[in-house]
Amino acid sequence: MGRVEAPPEPGQRTADELVAEFDQERPARKLSPAVSGAVSVVCAVLSVFVLYAIFFPLAKGGQYYLTLFLAPTLPLIFLTHRGTVRVPAWALPWRRGEAVGAGQRVAKAAGRDDPGWFDWILAACALAVCLYPLLEFDAFIERRQLPTSLDVVMGIAMILLVLEACRRTTGWVLPAFCTAFLLYAYYGGLLPYHWSLAHGGFDIDAIAAHFYMGTDGVYGVPLNVAATYIVLFTIFGAVLDISGAGKFFIDLSFAAFRGSRSAPGRTVTAAGFLLGTVSGSGTATAVSLGSVAWPVLRRAGYSKEAGGGVLAAAGIGAILSPPTLGAAAFIIAEYLKTSYLTVLLYALVPTLLYYLGILLAVEIDARKHQARPVVDDEALSAWKLLGRFGYHFLSLLMIIGFMVMGLPPFRAVVYATALQFLLSFLDSRHRMTPRRLYTALAEGSRSVLPVVATCAAAGIIVAVVTQTGLGLNMASVIVDAASMFGDNATVELVVTVIFAALAVSVLGLAVPVTASFIISAVIIAPALLSVGVSTPEAYMFIFYYSVLSEVSPPTALAAAAAAAITGGNPMRTMVATWKYSLPAFLVPFAFVLTDNGSQLLGTGSLEGILWTTGISALAVAALAAATGGRLLGPAGPLERALCVVAALCLLYLEAAAITAGLIALTLAVGMRLVRCRRHAPAPRTAGQGRQAETVTEGHLPS
């Protein structure tokens, strides 16, 4: 299809190495062929088991299935992830390329990174703890209220192993959160009874039994979502990638927008949207896209920081974009007891506004920095690519089509995967041979391992919150704090929403998107509900701010990964990314602050959805003009300030605020037009015209 990934320059890390370093939800070990082959066999068998269970559900129910699912996945985490602490190279530039720990240095020198004896012991313990309930499953469930001593020991071991697996995949922060919640469950009964956070307390036996033997805790909703939805979409993504869809999406994006100076930025934006259907990870999308698109952006004149900002912002769009939103979207559907298709509809308009903001910022920067068009004469045209390889879109469209027909999402994605498998035979270079099918099945389950650890650990937090009533208690604390700013209901709502956004953002700096959403949904969402925000609005608000943590300084993993590709300054790249993604930070406020704003989630009439979308698009345009510094040309400080005021007013979707926003935007445009006319060159006289002709002919004027 014309475009291939450029080989890395000497000393430059590959895309896989960058994903392993920066992505919080990707395996980090490079195993030797023997160990990797064994892991792949187990993962492929697991994928077959998951697909079998979709059409032939197990008679003993969902918890039995989750037990069987966790039995191979938890041990595999100890084999595919390091136990030592890894410090990203961008955080310690003076130690770049250096592994932490003597064992890692030996493994790196030998070209492998196999698990050690302690990892194998942990894997064996995890397997034993996961299989223990299967010995007498019915009796195990029945003695949930009166666990035996062995049940308690196994329950404690399960909690410790899940926390260690989570530490290996996401770092120490999420396990520290889990530990704090477990301590709260145990010691909460010792708090003064008049404290709002006090509760009856749980002893060790109750904690172990509840989190290990029940349908909460480890085997709660988060793990259920990972085992029934997310794993199927990772298998689908692996089949898409191996069958050539990822390469087609990039080639199509390059072909569709070539020829103009803003084409490189548009290409990255479109490719990020399309690649997100394959990876489902913001950081992985930014890295995969950057390895191909950064040379083009550089030739077009983008600075290292600006190019990294575009790559990271486009990559994060992968988690926000239908039809394969991030893992948290499946949890939203489960919590709301609604269909995944409904969640896709919720995300549709905010996604359009997000990409509108990026495209407008790209257009402004292309003119501001005098970007150059980059033309590849050897590349096929977009129409030829669509005619030859456009079938790759069919499986994506059929996911939605099957759900519209009433199929549940897990069956819809299985049928779409089967369709993509059949369509792969239309391209001899990417047809799904038995070996490629085996690779796709193995990679699909292998990709879900970090998500399993995150969801199992997050399930512990959810169980503590629900059993102790912490969510409602924290909601009252947040609302009481907001009421200190005034008794007005609108002021209380605005302040509560701001507190919620800050809390989710801070939490998201330390834990992955999925964990950030789950924790926020059970602790912060009740505060939003108590001030009149509806449940879908509250969950979508938290979802967007959980996702945006990946582009929020000072961590911003997607931006840091993009900076590693472009060679730019990480902090400046984060700021550039924040500028491109700024509309996404403000649009969620629009659908929680007013009743009209809820129509941005597609919950109102068609007329209401259209006019709120139009006003919000105008607000995004005003915001892009303010951050980019251009409004029909270079904008002055006062014009940019008016654009900020206009954007904020327009996003508060009430008549008075919209009127004020339109007035502010009109003033900004009017001031710019007046300044343009004032600085316009004076019309030339006839003599000046003849003089100009003389100069054109090569004679200097006298």
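**Salt bridges and cores**

Analyst: R143 and D151 form a salt bridge between their side chains, 2.5 Å from N to O. A salt bridge here is a side-chain nitrogen of Lys or Arg within 4 Å of a carboxyl oxygen of Asp or Glu. This is a predicted model: local features need pLDDT of at least 70, side-chain atom pairs count only at pLDDT 80 or more, and totals for chains, interfaces and linings use all residues. Residues are numbered from 1 along each chain as its sequence is written, and side-chain values use heavy atoms, with hydrogens and water left out.

User: Is D151 buried or exposed?
Analyst: D151 is buried, at a relative accessible area of 1%. Buried means under 20% relative accessible area, exposed over 50%, partly exposed in between (1.4 Å probe, protein chains only).

User: How many salt bridges does the structure hold?
Analyst: It holds 5.

User: Which residue does R167 pair with?
Analyst: R167 pairs with E164, with the closest N and O atoms 2.9 Å apart. Both sit in helix α7 (residues 149-170), 3 residues apart, about one turn. Helices (H or I, at least four residues) are DSSP runs, numbered from the N terminus.

User: Which other salt bridge does E164 form?
Analyst: E164 also bridges to R168, at 2.8 Å between the closest N and O atoms. Shared partners join D119, E164, R167 and R168 into one network.

User: Why do places three or four apart matter in a helix?
Analyst: An α-helix has 3.6 residues a turn, so residues three or four places apart point the same way.

User: New topic. How many residues are in the largest nonpolar core?
Analyst: That core has 214 residues, and L74, M158, F517 and F541 have the most contacts inside it. Helix α20 (residues 434-468) gives the most to it, with 17 residues. A nonpolar core is a set of buried Ala, Val, Leu, Ile, Met, Phe, Trp, Tyr and Cys residues joined through side-chain atoms within 4.5 Å.

User: And what is F541 in contact with?
Analyst: Leaving aside neighbours within four places in sequence, its partners include V497, A500, L528 and F589. Contact means heavy atoms within 4.5 Å.

User: Back to α20. Where does the side chain of T468 reach?
Analyst: T468 is in α20. Its side chain reaches the backbone oxygen of V464 at 2.6 Å. T468 counts as buried, at 8% relative accessibility.

Conventions
Helix = DSSP H or I, 4+ residues; strand = E, 2+ residues; numbered from the N terminus. Polar contact = N/O pair within 3.5 Å; in protein donor to acceptor, adjacent residues only side chain to side chain.
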